[in-house]
Amino acid sequence: MNAPIAGSRQPLIDGIEKVTGRAKFTADLETGDCLVGRILRSPVSHGRITRLDTSRAAALDGVVAIVTGEDCALTYGVIPIAMNEYPMARDIVRYRGEPVAAVAAIDAQTAERALELIELEITPLPACYTAQEARAPDAAQLHDNKPGNLEREVHHSFGEVAAGFADAALVREDIFECAEINHAQMEPHAALAEYDPERARLTLHSVSQVPFYVHLMLARCLEMDSAQIRVVKPFVGGGFGARTETLNFEIIAALLARRAGGRVMMRLSREESFLTHRGRPDTRVRLKIGLTDTGQITAVECEVVMAGGAYAGYGLVTILYAGALLQGIYRVPAVKYDGYRVYTNTPPCGAMRGHGTVDVRHAFECLLDRMARDLGLDPFAVRRANLLAAPMFTDNGLMINSYGLGECLDKVQTASGWDRRRGNLPPGRGLGMACSHYVSGAAKPVHWTGEPHAVVSMKLDFDGSVTVLTGASDIGQGSSTIVAIAAAEILCIDMARVRVVTNDSVITPKDNGSYSSRVTFMVGNAAIEAARALREKLVNAAAKKLEVAPEDIEVEGETFFIRDASQSELSFQEVAIAALAEEGTITVKGTFTTPIKAQGGKHRGGAVGSTMGFSYAAQVAEVEVDADTGQIRVHKVWVALDCGFAINPLAVEGQIEGSVWMGMGQGLCEETRYVEGLPAHANFLDYRFPTIADSPEIDVQIVETIDPLGPFGAKEAGEGALSGFPPALVNAVADAVGLDAGFLPLTPDRVLAALIKYRKAARKKEAMA
């Protein structure tokens with residue numbers, strides 16, 4: 001019997017192209033006939049455009065096309081009810097760096113010179129750079145239809161909150177401030193647009209995670225029939241949420257190409273990629289928890305204020321996620337949530353890995369640890385006192401079919417030597433732990449069409465190869481490999497026989513995109529269904545050739561044979577030829593649609609946070625704190641993740657390590673800063689993130705709970721571990737030096753200032769005693 005492919009360690013099918021440099025990214029696609037696109041950006045954070053004259057730029061030799069806000073009268077956005085951004089500003093600019101005009105020229109020098117010749121006059125308006133400023137009674141309003149600069153406020157309550165706090169042995173409340181951060185993906189943004197004036201057709205190659213959504217917005221903003229548009233995603237050098245919505249430069253490149261009647265390459269600089277942003281918003285969390293004397297949660301009250309930037313983007317979803325995923329990990333009998341997403345005169349925020357959950361989970365895990373200390377309980381014991389029992393539904397309608405958090409806790413507690421080592425480490429060293437969870441795809445897409453959530457086509461032709469066609473975006477997470485494994489496993493064929501073709505709207509079926517860890521669960525299930533349909537055809541062909549019933553046919557290792565017969569077998573190639581003789585090229589299709597029961601509660605916003613299955617993670621971090629400098633060194637991390645089933649353990653381990661590493665960046669050093677709206681860290685020298693030199697050893701352990709709805713029992717693996725690292729870090733610092741930090745990131749200057757304040761308070765308390 002040949003070993004199963006699903007569950008074995010498989011190299012990513014696109015790995016060779018990437019490590020050899022053969023992979024073509026968007027910026028690599030430029031040809032000699034491409035025009036160069038450049039964008040003129042606002043020099044002020046908030047103002048009214050009083051003059052925009054492009055005549056001198058248009059007269060410059062080599063300038064082929066110029067577009068401004070007047071060339072696009074329609075807004076765009078990822079949420080249909082919250083599209084309030086223009087590709088280029090019309091009348092009002094709302095953040096420093098917002099596109100105002102764009103040019104296409106024969107070379108970069110000419111394009112840059114043309115930008116200098118555009119005459120732009122803006123009358124400044126008062127600007128708000130923080131949520132506190134934007135919510136002030138006399139604050140300037142960014143959008144006339146959003147009084148108080150509130151993009152969205154959310155108020156949800158489940159259970160008897162007041163009674164829950166009254167029943168608690170301990171009630172504690174703290175405030176946590178989490179800085180805005182950027183995705184810092186390796187590949188800067190780029191788009192290649194080509195317009196065929198004879199056929200009135202547009203082709204766009206871009207770095208997108210969501211080619212389908214880009215297709216929709218191109219049709220809307222250019223007022224074109226979507227049948228005249230083709231969107232292609234080449235290799236992508238990272239996304240992490242930065243590219244989960246249509247971005248202004250994609251539409252601008254298309255507008256320029258149509259105006260020029262040709263090809264326009266738009267390569268953004270690193271600074272422009274930071275300005276395009278869509279990162280995790282600056283977030284203030286006020287959290288109150290009640291616990292019994294044995295550590296059981298009795299009630300939770302949470303207020304979240306996010307500074308979301310100048311436009312809506314994913315904002316209303318982000319603020320809903322923050323509240324919804326207070327549940328789904330622990331037993332929470334009563335919860336009250338108030339969320340406020342606030343407009344500010346800074347680049348728009350959006351979705352980022354662990355979308356909506358990271359900062360609130362950070363606050364929750366930190367406060368649980370502090371309350372465990374107050375009650376004299378071990379942090380692991382408090383988590384275990386609140387474990388869920390699957391299958392179940394939470395009070396806000398979240399479905400939980402599999403739940404491996406208890407096993408995750410067991411694994412990291414044992415592996416880290418927690419019981420033996422905590423409290424016995426050298427001075428300045430400490431251990432901290434935390435838990436986290438995340439969705440395996442949003443149960444309802446943001447653009448609801450009634451179509452299946454995922455579609456995969458599979459083709460068998462004369463050469464005996466199996467071609468899988470999917471619109472799912474592989475952005476480095478290995479989703480194309482998952483699809484290939486699904487096909488090979490179900491068809492009992494070698495991986496080498498499978499080819500995966502992705503992300504070309506002319507060829508591949510529509511897919512909603514790579515976000516919220518949806519691809520493995522949804523596209524994986526669709527691929528399995530397609531493979532089963534193809535297998536049925538092959539089995540029928542083999543049965544006919546061997547003159548037996550289809551149910552008598554067994555398939556193993558590319559061989560079809562009669563059950564309980566010692567002879568009479570056929571190779572895969574022989575069966576394929578027989579099947580093709582019946583109907584020619586065989587094409588089958590698989591789909592996946594989220595079950596209704598998984599689509600969330602009936603309350604307003606109840607669909608956000610709903611999913612088919614949650615991943616669960618627990619981790620322990622060991623740190624060393626230099627009390628004289630505030631410098632923190634992470635020595636080792638132990639992390640266990642319940643991913644349902646590891647279809648490709650190699651990829652799962654890589655995703656878990658990447659999640660921890662990204663959480664380490666937010667915990668230790670990552671932060672966007674603005675000086676009067678101007679990004680101060682818009683490059684990879686000033687925007688500090690961990691490098692391989694900073695990375696600790698990461699001990700990864702996989703927990704498999706076999707989710708009944710997941711493909712082969714799998715759930716997500718790429719985001720669940722991220723939000724556990726920042727609180728594990730903060731809790732380890734508290735164990736090492738006694739400091740309960742209420743801020744992220746834990747940069748040396750902040751830590752040192754907090755330590756000085758902590759020591760003064762300790763001395764004062766000691767003197768009073």
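This report describes a helix contact, a pocket, cavities, an aromatic pair and some backbone features of a predicted model.

**Pocket and cavities**

The second largest pocket has a volume of about 480 Å³. Its lining counts 22 residues, and those closest to the pocket centre are Thr130, Ala131, Glu177, Asp282 and Ala307. At least two lining residues come from each of helix H4 (131–134), strand E8 (170–178), strand E13 (282–291), strand E14 (297–307) and strand E31 (743–744). Sorted by class, the lining of this pocket has 10 nonpolar, 6 polar and 6 charged residues.

Cavities of 30 Å³ or more number 7 in the structure. The largest cavity holds about 80 Å³ of space. Among the 15 residues that line the largest cavity, Arg280, Met306, Gly356, Thr357 and Asp359 lie nearest its centre. Helix H10 (residues 358–375) supplies the largest share of that lining, 3 residues.

The second largest cavity has a volume of about 70 Å³. The residues around the second largest cavity are His156, Phe158, Leu320, Gly323, Ala324, Gln327, Val335, Tyr337, Asn396, His603, Gly605 and Val608. Strand E7 (150–158), helix H9 and strand E15 (335–342) are the elements that give two or more residues to this lining. H9 gives the most, with 3 residues.

**Contact of H15 with H16**

Helix H15 (residues 519–546) and helix H16 (residues 572–583) have axes that come within 8 Å and cross at roughly 95°. An angle from 65 to 115 degrees counts as roughly perpendicular, so H15 and H16 are roughly perpendicular to each other. On the H15 side, the contact is made by Lys537, Leu538, Ala541, Ala542, Lys544 and Lys545. H16 contributes Phe572, Val575, Ala576, Ala578, Ala579, Glu582 and Glu583. By class, this contact has 8 nonpolar and 5 charged residues, with no polar residues.

**Aromatic pairs**

There are 15 aromatic pairs in the structure. One of them is formed by Tyr95 and Tyr311, with 6.3 Å from centre to centre and 75° between the planes. Planes over 60 degrees apart count as edge-to-face, so the pair of Tyr95 and Tyr311 is edge-to-face. The two residues are 216 residues apart, and the pair links distant parts of the chain. Tyr95 sits in the loop between strand E4 (92–93) and strand E5 (99–105), while Tyr311 sits in the loop between E14 and helix H9 (315–324).

**Backbone features**

Two cis peptide bonds can be described. The bond from Ala390 to Pro391 is cis, with omega near 0°. Pro391 belongs to the loop between helix H11 (379–384) and strand E16 (392–393). The bond from Leu744 to Pro745 is also cis, with omega near 0°. Pro745 is in the loop between E31 and helix H19 (748–768), and E31 is also one of the elements that supply at least two residues of the lining of the second largest pocket.

Asn149 has phi near 60°, a positive value in a residue other than glycine. Asn149 lies in the loop between H4 and E7. H4 supplies at least two residues of the lining of the second largest pocket, and E7 gives two or more residues to the lining of the second largest cavity.

Methods:
Residues are numbered from 1 along each chain as its sequence is written. This is a predicted model: local features need pLDDT of at least 70, side-chain atom pairs count only at pLDDT 80 or more; totals for chains, interfaces and linings use all residues. Side-chain values use heavy atoms; hydrogens and water are left out. Axes are lines fitted to C-alpha atoms, for helices over the stretch in contact, and angles run from 0 to 180 degrees between N-to-C directions. Helices (H or I, at least four residues) and strands (E, at least two) are DSSP runs, numbered from the N terminus. Angles under 35 degrees count as roughly parallel, over 145 as roughly antiparallel, 65 to 115 as roughly perpendicular and the rest as oblique. Contact means heavy atoms within 4.5 Å. Ala, Val, Leu, Ile, Met, Phe, Trp, Tyr, Cys and Pro count as nonpolar, Asp, Glu, Lys and Arg as charged, and the others, Gly among them, as polar. On a 1 Å grid over the protein atoms alone, a cavity is a set of points where a 1.4 Å probe fits but cannot get out, and a pocket is an open set with protein on both sides within 12 Å along at least five of seven lines; lining residues have an atom within 4 Å of a point. Grid points are joined across faces, edges and corners, and a volume is the space filled by probe spheres set on the points. Rings of Phe, Tyr and Trp (its six-membered ring) pair if their centres lie within 6.5 Å; planes under 30 degrees apart count as stacked, over 60 as edge-to-face and the rest as tilted.
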